[in-house]
Amino acid sequence: MSIRKRANGKWQAQVFARHEMVKSKTFDTKTEAQQWFSTEVLKYKGSSYNSRKGATQLKVVIDLWLAEREDSVAETSLGSDRVATSLLPAKLLSLQIRRVEPADMQRVLRSLLKTRQPSSVKRYSNSYKALFKWCVKRGYRVENVMDSVDLPKIEYVQRLRPFDHAELNGLLIRLRRSGDVGGFYADVVQVLSSSGIRWGEARALRVEDVLLEGVYPRFHIRHSQSDGYAEKSPKSGKGRYVPISPEILAIVGTYMQDRSSKEYLLSRDGATQLNASNFRRDTKWKQISGGHTIHDFRHSAAVSWIQAGVPITTIKAWLGHANIQTTMRYLEYLGMDVDVSAYQRLAAGQLQDKTENKKGETTKKNHEEQGVSLAIIHIDEMWAREDLNLRPHPYQGCALTT
């Protein structure tokens, strides 16, 4: 056992791999040294670690890793890997790969969170994990350093800025008055602001993804394709259904006409996909947007659903959020408006209980006189069922009109 007492009375534990010392640490007691030694030895047992490879600089290893990744991962993943590794500090890149510690990578993530979006930092963290996993497999390291790194808790600081009703109507009017191209983009805006689908999902939406049969007309969101990248699964990695509201049902029907199932839906010819740069240029977006982004259409849909009384868990499913906390941001944005709406629904439910005891004597007029909307009561009934795909929906029974 490579544990010995030093002249100063402390205990030093050393781990050897292939007759070469690879780790050493000093402790106050022999017991502590033995515990550490036992843990570290297990890491090297059966490992392919090579001390010569472990002495390679991190920047050299990264070049080797990226070269191998070119033939094994998607272009989007490779692009993310390249960005992530380019953000590593020069001092860290000059270290031997075996000398990189969890604390080093923890500092990198914390630093990135100061200037980058949380979602981007999470992607970079995944790239670093893949890098060190490869290092373990190829014998450059014994363990994946990222296994001991915690991604700092992310607080969403993104400012929500959905369009209000007047802003959205004004934008649509300006677009429709600007000619055929503007009219097309007005249709796109209506679909985005009503359905809440992401820009990449709208680009990849095909005619076959429109489902008009069943409990309600809906989009089947199965693919996403950002500008300049290959098609992939949606951000959540899962498909989902999103309702097609009555206000866009006719628009959707128009773009389905005379197109095959594989053609793109939101396209002027069925073959050409949406392009964000073209959209901003053709619509003069900077002049007409009022400082909004394209993603704000998605926020607008979410806010309108909450105001309509749709349960937050259903909105989460429609938006494709992996975490309910992401969806809860919209409740925080609406603030007092949500509190008032909730009280109205509570009052409506209590009033309904009382009127049922009067054997049907209370009429719609009675409710209106007491300031309670029957629509609010109806919302509770519609969303009583738990199965998301089978719930009755306010759009159920809408006919496709063109």
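These legends accompany close-up views of a predicted model.

**View 1. Helix H3 crosses helix H7.**
Here we look at H3 (residues 58-69) and H7 (residues 118-138), which pack at an angle of about 95° with their axes 11 Å apart. Because angles of 65 to 115 degrees count as roughly perpendicular, H3 is roughly perpendicular to H7. On the H3 side, the contact is made by Leu58, Val61, Ile62, Leu64, Trp65, Glu68 and Arg69. H7 contributes Ser127, Ala130, Leu131, Phe132, Trp134, Cys135 and Arg138. Sorted by class, the contact of H3 with H7 has ten nonpolar residues, one polar residue and three charged residues.

**View 2. Arg141 meets Glu143 in a salt bridge.**
This view brings us to the charged side chains, for which the model has a count of 15 salt bridges. In the pair shown here, the N to O distance is 2.8 Å. Take a look at how the two partners are placed: Arg141 is buried, with a relative accessible area of 3%, while Glu143 is partly exposed at 22%. The cut-off for buried is under 20% relative accessible area.

**View 3. A salt bridge joins Arg203 and Asp227.**
The closest N and O atoms of Arg203 and Asp227 are 3.3 Å apart. Arg203 counts as buried, at 8% relative accessibility. Asp227, at 26%, counts as partly exposed.

**View 4. Glu208 pairs with Arg222 in a salt bridge.**
In this close-up, the closest N and O atoms of Glu208 and Arg222 come to 3.1 Å apart.

**View 5. Four charged residues form a salt-bridge network.**
Stepping back from the pair in the previous view, we can follow the network that includes Glu208 and Arg222. Asp209 and Lys262 are also members, and salt bridges link the four residues together.

Terms used. Residues are numbered from 1 along each chain as its sequence is written. This is a predicted model: local features need pLDDT of at least 70, side-chain atom pairs count only at pLDDT 80 or more; totals for chains, interfaces and linings use all residues. Side-chain values use heavy atoms; hydrogens and water are left out. Axes are lines fitted to C-alpha atoms, for helices over the stretch in contact, and angles run from 0 to 180 degrees between N-to-C directions. Helices (H or I, at least four residues) and strands (E, at least two) are DSSP runs, numbered from the N terminus. Angles under 35 degrees count as roughly parallel, over 145 as roughly antiparallel, 65 to 115 as roughly perpendicular and the rest as oblique. Contact means heavy atoms within 4.5 Å. Buried means under 20% relative accessible area, exposed over 50%, partly exposed in between (1.4 Å probe, protein chains only).
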